[in-house]
Amino acid sequence: MKQIKFFTGTDVSKEWLDMCIMVDGATIPQQRIDNKVAAIRRWIKQTQRQYGYVIENTLFSMEFTGIYNNHLLEVLHQAGADIWLIPGIEINASRGLQRSKNDREDAKLIAEQSCSVAKSGKYSVVYDSDGWVLLEKSARGADPVKRLC
């Protein structure tokens, strides 16, 4: 069974990415980086050295924003990372009554949401034919394909 320890939430925009890493329910200092392949690779190497995570025990979650996801998806897919693309409507629904839009807070919300969903045991990790991670609701009593944590 795969053990996910680190949850990375990313708020994606055309020019930059707001990154938030959560481990054991705590938020590691958030960063804003350029939405460019070189900057993403540099951030991953830097944060791996700094916080000790490896790709294999990290779930990278982000709102699906169309083409603006492409640089991050390319880097993560090449690294063999587990990736969860979350529909924007699902993120907005989890926001509740909070109406202010803040990229840093959205990145944190995405990380918290992926951690919460993973720990609930209500979802299973399923890989599609291209190797992308899909989270599917687990049927009651059914054995999940792979539990996140």
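Reader: Is Arg32 buried or exposed, or something in between?
Author: Arg32 is partly exposed, at a relative accessible area of 46%. Buried is under 20% relative accessible area, exposed is over 50%, and partly exposed is in between, with a 1.4 Å probe and protein chains only. This is a predicted model, where local features need pLDDT of at least 70 and side-chain atom pairs count only at pLDDT 80 or more, while totals for chains, interfaces and linings use all residues. Residues are numbered from 1 along each chain as its sequence is written, and side-chain values use heavy atoms, with hydrogens and water left out.

Reader: How many salt bridges turn up in the whole structure?
Author: Two. A salt bridge here is a side-chain nitrogen of Lys or Arg within 4 Å of a carboxyl oxygen of Asp or Glu.

Reader: Which residue pairs with Asp18?
Author: Arg32, at 3.1 Å, N to O. Asp18 sits in strand β2 and Arg32 in strand β3, 14 residues apart. Strands are DSSP runs of E, at least two residues, and helices are runs of H or I, at least four, numbered from the N terminus.

Reader: And what does Asp103 meet?
Author: Arg32, in a salt bridge of 3.4 Å, N to O. That pair joins helix α4 (residues 103-120) to strand β3, across 71 residues.

Reader: Is Asp18 buried or exposed?
Author: Buried, because its relative accessible area is 2%.

Reader: Other topic. Where is Asp24?
Author: In the loop between β2 (16-23) and β3 (26-34). Asp24 counts as exposed because its relative accessibility is 67%. Its phi is near 50 degrees, a positive value in a residue other than glycine.
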